[in-house]
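User: Hi! Could you walk me through a model I just opened? I'd like to start with the strands.

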Amino acid sequence: MKPPRKIKLGGHIWKLHFGEIPKKYEEYFGDQLENLFGCTNRENAEIWISTKYSPEIQKQTLLHEVMHAIAYVFVPQSFTAFDEKEIERLSSAFYALVEQYKPLIKWLIEE
């Protein structure tokens, strides 16, 4: 199954990109860009996920970046309120929930 290309959060459309993270993000990440799993650009409402890692890592990274997007949209002061470690803990817990309780997720999305 192909990954989605956009998500909607509180009226905001976020574009999802899978592939090599663009060089324009070097100004933010410097020499870490080469080993970056993903990144979120709140100004352009874009999320980039590196495809040089396994599908499982890509999925977990997407959840991590979506957590950043959720924080930007629903908790505007979150740029300083949530640090990277907190986002990592939340996204890891959410990924574990999704992986371990697929019947729950299926029930939640049924109409």
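User: Which way do the residues of strand β4 (residues 46–49) point, and are they buried or exposed?

Analyst: Glu-46 and Trp-48 point one way, Ile-47 and Ile-49 the other way, and all are buried. Buried means under 20% relative accessible area, exposed over 50%, and partly exposed in between, using a 1.4 Å probe and protein chains only. Strands here are DSSP runs of E with at least two residues, and helices are runs of H or I with at least four, numbered from the N terminus.

User: Is this predicted or experimental, and what counts?

Analyst: This is a predicted model, where local features need pLDDT of at least 70 and side-chain atom pairs count only at pLDDT 80 or more, while totals for chains, interfaces and linings use all residues. Residues are numbered from 1 along each chain as its sequence is written, and side-chain values use heavy atoms, with hydrogens and water left out.

User: Thanks! In what sense does β4 pair with β2, and with β3?

Analyst: Strand β2 (residues 12–18) pairs with β4 in the parallel sense over 4 bridges, and strand β3 (residues 38–41) pairs with β4 in the antiparallel sense, also over 4 bridges. Pairing requires at least two DSSP bridges between the strands. Ile-47 is the bridge partner of Leu-16, and Trp-48 that of Cys-39.

User: What about the turn between β3 and β4?

Analyst: The two strands form a hairpin with 4 residues between them, and Ala-45 in the turn has a positive phi of about 50°.

User: Switching topic: how many salt bridges are there?

Analyst: The structure holds 2 salt bridges, each defined as a side-chain nitrogen of Lys or Arg within 4 Å of a carboxyl oxygen of Asp or Glu. Arg-42 and Glu-43 meet in one (3.7 Å, N to O); Lys-102 and Glu-99 form a salt bridge with their closest N and O atoms 4.0 Å apart.

User: How exposed is Glu-43?

Analyst: Glu-43 counts as exposed because its relative accessibility is 58%. Arg-42, at 36%, is partly exposed.

User: Last one: which residues form the nonpolar patch?

Analyst: Phe-94, Leu-97, Tyr-101, Leu-104, Trp-107, Leu-108 and Ile-109 form it on the surface, with about 740 Å² of accessible area together. Patch residues have over 30% relative accessible area and no salt bridge, with like charges joined within 9 Å and nonpolar side chains (Val, Leu, Ile, Met, Phe, Trp, Tyr) within 5 Å. Areas come from the Shrake-Rupley method with a 1.4 Å probe, and for residues only the protein chains shown count as cover.

User: Which helix gives the largest share?

Analyst: Helix α5 does, with 4 residues. Trp-107 is found in α5 and is exposed, since its relative accessible area is 60%.
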